[in-house]
Amino acid sequence: MSILAINDLKVQFPTPEGLVKAVNTVDLELEEGERLGMIGETGSGKTVLGLAIVRLLSGAEVEGSIEYQGRKLLLLDEAEMQKLRGREISVIFQGPNSLNPVLKVGDQIAESIRLIGCSNRKDDKKKAVQAMEAVGMPDAELWADRYPHQFSGGMKERAMIALGLACDPRLIIADEPTKGLDANIKVQVVELIRDVTTDKSLLFITHDLSAAAQICDRIAVMYCGEIVEVGRTEEIFSNPLHPYTEGLLRSLPIMGMRAIRGASPSLIDIPSGCRFHPRCDRPCENCARAHPPLVEAESNPGHLVRCFQHDRG
Amino acid sequence: MSRKSAFSVGLLVLGAYILAAILSSFITPYSPTGLVGRPLDDPSEAHLLGTNDLGQDIFSRLLYGTRATLIIGLLGALLSVSVSTFVGLVSAYYGGGIDEVITRSVDVMMTIPTFPLLLVLTIFFAPSIFVISGLMGVLGGTQGIRIIRSQVLSLVEANFVYGAKAIGAGDLRIMTRHILPNVLPLATVKFVFAAQRYMLMGVGLGFLGLGDPSVVDWGQMISRAYYNGGFALGLWWWLIPPGIAVTLLSVALALLGYGLEEEIDPRLKRSAAI
Amino acid sequence: MNAEYLMRRVFYSLLAFMVSVTLTFVLLHLMPGDYLHSILPYLAEKNPDAARMFREQFGLNRSISEQYFLYMANVIRGNWGYSFLYGQPVLAIIGEKLRWTLVILFPSTVLSIIIGMAVGAYSGWKNGSKTDLSVLNFMIFVGAVPSYWWAMLFILIFGFHLNLFPLGGYVSIDALENGVCIFDVLRHAALPIAALTISSVPGTYYLMRNSTLQTTGEEYVLTARSKGLTEMEVLRHHALKNAMLPMVTVIALELAQMITGSVFVETIFSWPGLGLLTFEALRVRDLPLLQGIFLIDTLMVILANIAADFSYPLIDPRVKVGENV
């Protein structure tokens, strides 16, 4: 059974400027033990999707169904949801401010551990140090007593990963964990995530295609609030079917670093028809009028794509 | 009560007070200082709020009191905000030595409590409402310099100021046409709250006996009612109305200020991530 | 603790105090009408020794600059002149009355901080909700009522009509026979404390609310929620500590402000503290006494500022003494 099944998910935010349609009818399935990468640029809706799963969006209108091991998450009340968070489904955030600046890092990790009913403070503290060691932090005992502002960017991210794994969750949602890190630190963090999630289910949200490629078995590409291509990692790289995916690959440094023309669309005024058509370099006449559905490619049944021209070979 | 209705209610009530102040000489039945009745008379048709210990009509005095109260509040606030804005503007704009000197002086001055200083100073000057407004304005103005200065600083560093300088605009022009309009919203909010504070302080000074004896002063009315055995003699009509008048005006100004505040500083914090 | 910062802080505090002392000197000696010399005979009537000492210690017959240095030296030594009203040394009178002011000031400051912060934190956390908005409107109203009016209302309702508390003073007449009883004093202090507290709660509330509001949008709050903590746990263990940081400076200043605010409350309640002393001194234009009160107030503000500066690093681990946050 799939550990996560998302059907028909719609997430909208009413704002003074208009209704922001962040996520538009997304269907997604994650098998147990599978690692799926969610690729997209800023504003594609990928982070909203991630937070919607754990219901940590405020001010959002959410429709559709999200099932975790068969349980409909959107129908749970807040107390039940809190029992799942951190323990079964945990989130790893990015960002310099994701750790509370006035609390010691070790205490913040121990707090999570305490939630799964550990015995006393000393044991929690010991386990927190172990969690930090498990993410490769040297002198973990020393650093557990320090504060976030004393940590470097890479170390903070390691601490966040330790935090996310502290209660041994089954599903991990990593939201842009490598954003803002130096290139060499990025490599270390990516390797770390790959190592610690070998037996877990992972939803790896990022704009960094190469990082996703190193960790994930499958990759889903999001654009303007919907999934435009999904497939196994090797498939996506060797045979990208959607023009946006092609554009993303071309923009990688080793592939030539060519940018996709145009700018990301506003989520309030969504382009008609195929949402990518204003930036596509080979649109057909249908693309502006009709909205392409997500269909299986003939060449490969596990490979889904949302484009009228996907089978031009 | 939403921000918008708070704003309107505050404005309306303030307007009513201003109207009362302007029209008081026409609508009061008696002269506020004239001895027109028996002392300590109960409210009657002739005297809506009765008379005080000297036989003056309380209702007339109440209406007349709006003048002094409003003048102290509005004039003091105007002066205070002007001082803050001018000094803050100059200090932030010119920077360098002038800024250093002004900032250090302000730092020292802010440690000095203004209210006791105000009390001491009132002894030396003839207690007219204009002098009191002036003192409050200058003393209070120093407190606001910092805030205006930091806002101007952020504006000065904005590119459009460099742009204006690049095309040769003079300092004065930049300050008045570019920076000042952006500081005005903040200054307006400060003005309203300052008016509230100074108005209350003015009435308070009257209560303490430091007010202008030549004008009708609510604080003085409350004080006289209280010390002439206000409770024991049951002088409600003398003691209560001035207090209510002050409180109502204060609430109106507070509502006005809060109504303006979020218009100008929208800090809608919602923890949403997109 | 950074020694250099300590030095700078002390220097600025001394500077501020010197400015205040200079100000009082200017007022006392340079104002037109030769105030001092015209009033001195009255002091001589009340207490001829005091008048004589005043003349000598402050060198009233010497040049202005000599008088200035003498004055400065006297102030530092604790000789702040003699009150015309009481015929006693100013500092001694202030010291005695200050005690009584603190009796009502301390409890009301503590109460105001606790109530303001608790309600403010809850209000800011539930920003926008019906509870928050109604509390906010309530506080706007409460804060707009002047402190002297609250004092009056309390006496009127609780003292006069309901007869629960006395109408003023700090002890009842029985004390003349039976001595001062603590319970009696507490009964008399209740209403003044209430008046002081209710006047300053809205200010604390508003600031705490804003601070909490800003904290709720921070990333670490999102992290805390994702750990599966309940809303209350997130508020108490994560948000509060951060929201309280800006409040430290504010609280220290508020303590100092309250001293000035107590003028009205003490006058109305006839509470024999600094506030009432100020009122009496104003009535008879007792300048030396008034200036002593002014200097004490300045001293309190300075001490409060220093206390705030040094307590900040205790709460915020990012700050070491000497850094500007």
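Residues are numbered from 1 along each chain as its sequence is written, and chains are lettered from A and ligands numbered from 1 in the order in which they are written. In this predicted model, local features need pLDDT of at least 70, side-chain atom pairs count only at pLDDT 80 or more, and totals for chains, interfaces and linings use all residues.

Me: What makes something a helix or a strand in chain A, and how many are there?
Reply: Helices (H or I, at least four residues) and strands (E, at least two) are DSSP runs, numbered from the N terminus. On that basis chain A has 10 helices and 12 strands.

Me: How do you know whether the radius of gyration of chain A agrees with a compact globule?
Reply: The radius is taken over C-alpha atoms, and the globule rule is 2.2 Å times the number of residues to the power 0.38. With 313 residues the rule gives a value near 20 Å; chain A has 20 Å, so the two agree. Along its principal axes the C-alpha trace spans about 65 × 45 × 40 Å.

Me: Why is strand S10 of chain A called largely enclosed?
Reply: A residue is buried if 20 or more other C-beta atoms lie within 10 Å of its own, exposed if 12 or fewer, and partly exposed in between; C-beta atoms are placed from the backbone. In S10(A), 6 of the 7 residues are buried, so the rest of the structure largely encloses this strand. Across chain A, 46% of the 313 residues count as buried.

Me: Is A:Arg55 buried, exposed or partly exposed, and how do you know?
Reply: A:Arg55 has 19 other C-beta atoms within 10 Å, so it is partly exposed. It sits in the loop between helix H1 (46-53) and strand S4 (61-68) of chain A.

Me: What makes the phi of A:Arg55 worth noting?
Reply: Most residues other than glycine have a negative phi. A:Arg55 is not a glycine, yet its phi is positive, about 55°. C:Arg285 also is not a glycine and has a positive phi of about 55°. C:Arg285 is partly exposed, with 14 other C-beta atoms within 10 Å.

Me: How do you know that strands S9 and S10 of chain A pair?
Reply: Two strands pair if DSSP finds at least two bridges between them. S9(A) and S10(A) are joined by 6 bridges and run antiparallel. One bridge partner pair is A:Ala220 and A:Val230. Their hairpin has 2 residues between the strands, and A:Cys224 takes a positive phi near 50° there.

Me: What makes S6 and S11 of chain A edge strands?
Reply: The open sheet has 8 strands in the order S6-S7-S8-S3-S9-S10-S12-S11, with mixed pairing. S6 (89-92) and S11 (295-296) each pair on one side only. By contrast with the antiparallel S9(A) and S10(A), strands S7 and S8 of chain A run parallel, over 5 bridges.

Me: How do you know whether the length of helix H4 of chain C agrees with its residue count?
Reply: The expected span is 1.5 Å times one less than the number of residues. For the 14 residues of H4(C), residues 64-77, that gives 20 Å; the end C-alpha atoms are 20 Å apart, so the values agree. Just after H4(C), C:Gly78 takes a positive phi of about 100°.
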